[in-house]
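Have a look at the fold, then read on.

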Amino acid sequence: MTGQSGRESGASDTFDTTATAPSSAMQQGASSSPRTESQDDPARAMDRMYRMTRHIYDVTRRYYLLGRDRMLERVATDDGSATLEVGCGTARNLIKLAKRPHCGNLYGLDASHEMLETAAASIRKAGVGEITLRQGLAEQLDARTMFDREEGFDTIFFSYCLSMVPAWEGAIEAALANLKPGGQMVIVDFWDQADLPGWFAAGLKKWLALFHVFYRPDVHTALATLGTSGRAEVTFESVSKRYAYIAIVRKK
Ligand SMILES: C[S@@+](CC[C@H](N)C(=O)[O-])C[C@H]1O[C@@H](n2cnc3c(N)ncnc32)[C@H](O)[C@@H]1O
């Protein structure tokens with residue numbers, strides 16, 4: 001069962017959140033590519049970080065993960081659409097999408113088994129339709145092997161996830177590779193706080209580092225470069241005086 005130590009991380013585990021089958025929620029699926037334990041294993045690191053805090057995550061994060069609802073407004077869904085959140089955490093965002101009358105097919109990927117347990121419980125509690133959850137790493141995203149999708153996704157979004165992923169370049173490339181042509185990647189994450197007082201920006205960066213969260217100017221630069229590369233159209237918008245940014249990357 002998930003949520004216990006000794007699990008093989010790096011595997012693609014299945015979290016069945018079908019609302020009509022609560023007793024079978026969170027069956028662990030077939031795993032692949034088991035890895036040896038290592039302090040550097042990103043999935044184990046995330047499990048350690050969220051083992052306790054996942055229980056208070058949604059209540060506490062609402063005050064500083066700004067712009068998430070605005071980001072969701074940029075995510076278009078319809079009955080046939082396929083939308084994936086990478087680093088879905090407690091599924092707070094996916095549940096909001098699932099409450100739309102035309103939400104299409106919703107998927108969540110997260111490194112942390114612990115977070116996915118909370119996500120599965122929250123989805124059942126919310127009484128929304130099925131959201132398919134898988135354990136795995138952003139940088140290893142593969143629509144076919146992880147989600148049984150040949151076609152890729154219409155939208156892949158990252159909400160305060162890339163700032164936690166050391167392999168962020170791989171995560172962006174994997175998302176692009178798993179989007180349909182014309183599909184879009186939507187990102188909300190910490191920006192440079194350049195329009196806020198210096199003491200605030202410095203304090204925030206120190207505090208975020210305690211949680212392994214880093215403002216990465218290189219991510220912003222890489223996204224801007226994508227926009228000039230001919231591979232995608234990229235637009236940015238500021239949230240609360242550059243506290244955060246929302247990037248929309250439309251794959252050509
Ligand atoms: C700050 S939380 C944000 C959760 C959610 N997106 C939200 O907006 O509430 C970041 C999430 O990214 C996940 N994560 C971190 N590194 C990851 C990786 N390499 N691959 C997939 N998920 C990752 C963490 O486990 C965590 O659930």
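Let's start with helix 5: 10 of its 14 residues are buried, so the rest of the structure largely encloses this helix. Buried here means 20 or more other C-beta atoms within 10 Å of a residue's own, with C-beta atoms placed from the backbone. Helices are DSSP runs of H or I with at least four residues, strands are E runs of at least two, and both are numbered from the N terminus. Among the buried residues of helix 5 are His-113, Glu-114, Glu-117 and Ile-123.

A word on the model: it's predicted, local features need pLDDT of at least 70, side-chain atom pairs count only at pLDDT 80 or more, and totals for chains, interfaces and linings use all residues. Numbering runs from 1 along each chain as its sequence is written.

Zooming out, the protein has 9 helices and 8 strands, and 44% of its 252 residues are buried.

Now for the ligand. It has 23 residues around it, with Gly-87, Gly-89, Ser-112, Ala-138 and Ser-159 the closest; to count, a residue's C-beta atom, placed from the backbone, must lie within 6 Å.

| Element | Residues |
|---|---|
| Helix 1 | residues 42–53 |
| Helix 4 | residues 92–98 |
| Strand 3 | residues 105–110 |

Methods:
Buried ≥ 20, exposed ≤ 12 C-beta atoms within 10 Å, placed from the backbone.
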